[in-house]
Amino acid sequence: MAAAGGGRYARAEAEREAAVHGLSLDTVLAVATPERAVRVISDLLGPTVTFGPVPAGPHDMATAEATGTVGRLTGRRDGVTRVVVHVPVALDLTVTIGSRRIPAEVDLVVRVGLAGRAVAGAVEIDVDPIAAEDIDADIRTRGVGGVFLRRLGDLDAEVRHHVGVWASTLLATPEAIEECRIAV
């Protein structure tokens, strides 16, 4: 989207795009707020998250499953029409290799980028795909199994990948898509 960035040119471009659809940029901005984005994402997530078991590791030699608690979401405007929501999650992760279970604690912050744009009679919200670089992960393991998992299993990359897939899937549900079109 051309108007997602900041500056005078981006604002003028966003105003032109909104006018094409009979709306003002102020209307788009009043609808596509950081507060609304936080509320919608919070409602979609709920207070806890669960995922797995999913295949993990080299050649899918392990399985992983996690449960977690969602922290307080925050949102901020990033440019003219773009909003970024920070989603903190504390996960208890268990990786199973054969009969051995290796626990890990993971603190995540997932950044969700959204941009509002005018369409005929509505404001639509475009959601950026969740990429590995949109996920900060602080992973703690213990013992030899934990060291093995972190180094040979590239646990950091695995966590980022699976969380990205999980978050992207959640943001593509019919409920999420319905929330991305706001009639005005």
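Hi everyone, let me begin with a definition: two strands pair if DSSP finds at least two bridges between them. Helices (H or I, at least four residues) and strands (E, at least two) are DSSP runs, numbered from the N terminus. What you see is a predicted model, where local features need pLDDT of at least 70, side-chain atom pairs count only at pLDDT 80 or more, and totals for chains, interfaces and linings use all residues. Residues are numbered from 1 along each chain as its sequence is written, and side-chain values use heavy atoms, with hydrogens and water left out.

First, the overall picture. The protein has 6 helices and 8 strands, and along the sequence they follow the pattern α-α-α-β-β-β-β-β-β-β-α-α-α-β. Its C-alpha atoms fill a box of roughly 60 × 30 × 30 Å along the principal axes.

Now please find strands S1 (residues 48–56) and S2 (residues 62–70). They pair in the antiparallel sense over 7 bridges. Which residue in S2 is the bridge partner of Thr 50? It is Thr 67. Strand S1 also holds Pro 53, and a cis peptide bond, with omega about 0°, joins Gly 52 and Pro 53. The hairpin has 5 residues between the strands, and there Gly 57 takes a positive phi near 85°.

Next, helix H1, residues 8–20. Its 13 residues reach 19 Å from first C-alpha to last, close to the 18 Å expected at 1.5 Å a residue; the expected span is 1.5 Å times one less than the number of residues. Which side of H1 is buried, and which is exposed? Buried means under 20% relative accessible area, exposed over 50%, and partly exposed in between, using a 1.4 Å probe and protein chains only. In H1, Ala 10, Glu 13, Ala 14 and Ala 18 are buried. These four lie on the same side of H1 because they cover an arc of only 135° around the axis, taken from the directions from the helix axis to the C-beta atoms. On the other side, Arg 8, Tyr 9, Ala 19 and Val 20 are exposed.

For the whole protein, buried residues make up 43% of the 184 residues.
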